[in-house]
Amino acid sequence: MAKVLLEVCCGSADDAIEAYKAGADRVELNCDLFHGGLTPSLGSLLVAKRETGMKIVAMVRPRGGGFCYTPAEFAAALEDARLLLEHGADGLAFGVLHEDGTVDVERTGALARLARDAGREAVFHRAIDVVPDWREALDRLIDLGIHRVLTSGQEPSALLGADTIREMAERAAGRIEILPGGGIDSRNLERVVQSTGCSQLHMSGHTARADRSAQNDRAIHYGGALYPPEDRYQVVDRAYIAGIAGRLRG
């Protein structure tokens with residue numbers, strides 16, 4: 001297998017550092033991966049860039065739960081995008097849709113221009129997996145100058161959507177990069193590469209890490225209705241990602 005670029009989905013500066021040490025080629029930096037990944041803090045971007053020097057694409061997503069934003073939410077997204085670029089982001093990942101699920105060309109174009117004017121990459125994330133017509137959406141994104149699209153081929157995983165991803169790549173014909181992502185792991189990554197014909201992958205790999213400061217648990221929780229343990233958190237599994245990176249080097 002020829003070398004395949006590995007992008008790791010990260011939820012913190014520590015995640016990015018572990019991904020770098022594991023041999024990842026690129027990082028997508030978020031916060032709150034539980035909700036699909038939201039805009040990271042400037043602090044996490046600054047630390048990740050300082051400690052790794054690697055290519056980091058920063059998520060711009062002001063909230064979870066869909067991709068059609070209020071005026072205030074989108075205004076915040078624009079401000080976040082400007083600040084992330086000013087503080088070293090190598091690209092922006094975003095996706096803005098209308099209520100009917102079609103691409104919001106005006107808002108997507110505004111974010112794309114910010115990235116391009118700064119000489120950075122504009123990446124449309126997996127919002128494309130819920131559009132009613134991916135062919136029309138892909139054509140609009142090409143027209144807008146989007147550099148890359150992250151997709152599972154409109155299926156729950158990239159393996160299930162591999163035929164569509166391959167079709168996307170054929171339709172793109174080099175005009176836009178197609179990045180398979182979603183449900184890719186050590187068991188199926190070769191099949192995803194072979195089935196899609198793509199030369200890059202987006203994936204995650206986390207392990208639990210204990211934080212003993214919360215061990216004196218009194219059934220207190222700081223989140224919502226889902227109550228994960230308060231004395232542990234997830235961090236990129238360096239050994240796991242290193243194994244993946246080694247297999248993808250060809």
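Guide: Let's start with a term: a salt bridge is a side-chain nitrogen of Lys or Arg within 4 Å of a carboxyl oxygen of Asp or Glu. This is a predicted model, where local features need pLDDT of at least 70, side-chain atom pairs count only at pLDDT 80 or more, and totals for chains, interfaces and linings use all residues. Residues are numbered from 1 along each chain as its sequence is written, and side-chain values use heavy atoms, with hydrogens and water left out.

Visitor: How many salt bridges does a search of the whole structure find?

Guide: The general idea is that side chains of opposite charge can pair when their charged atoms come close. Here the search turns up 16 salt bridges. One of them joins D90 and K49, at 2.8 Å from N to O. D90 sits in the loop between α3 (71-86) and β4 (91-94), and K49 in helix α2, so this pair ties together parts 41 residues apart in sequence. Helices (H or I, at least four residues) and strands (E, at least two) are DSSP runs, numbered from the N terminus.

Visitor: Which residue forms a salt bridge with K55?

Guide: That's E121, with the closest N and O atoms 2.6 Å apart. E121 belongs to strand β5 (residues 121-124) and K55 to strand β3, so parts 66 residues apart in sequence are tied together.

Visitor: Is E121 buried or exposed?

Guide: Buried means under 20% relative accessible area, exposed over 50%, and partly exposed in between (1.4 Å probe, protein chains only). E121 has 11% relative accessibility and counts as buried, whereas K55, with 32%, is partly exposed.

Visitor: What order do the strands of the open sheet take?

Guide: Strands of a sheet pair through backbone hydrogen bonds, either parallel or antiparallel. Two strands count as paired if DSSP finds at least two bridges between them. In this model 8 strands line up as β7-β6-β5-β4-β3-β2-β1-β8, with parallel pairing. β7 (177-180) and β8 (200-203) are at the edges with a single partner strand each, so one side of each has no neighbour in the sheet. Strand β1 (residues 5-10) is joined to β8 by 4 bridges, and V8 stands opposite M203 in β8.

Visitor: Which strands does helix α2 lie across?

Guide: Helix α2 (residues 42-52) lies across β2 (26-29) and β3 (55-59), at about 170 degrees to β3. Axes are lines fitted to C-alpha atoms, for helices over the stretch in contact, and angles run from 0 to 180 degrees between N-to-C directions. Contact means heavy atoms within 4.5 Å.
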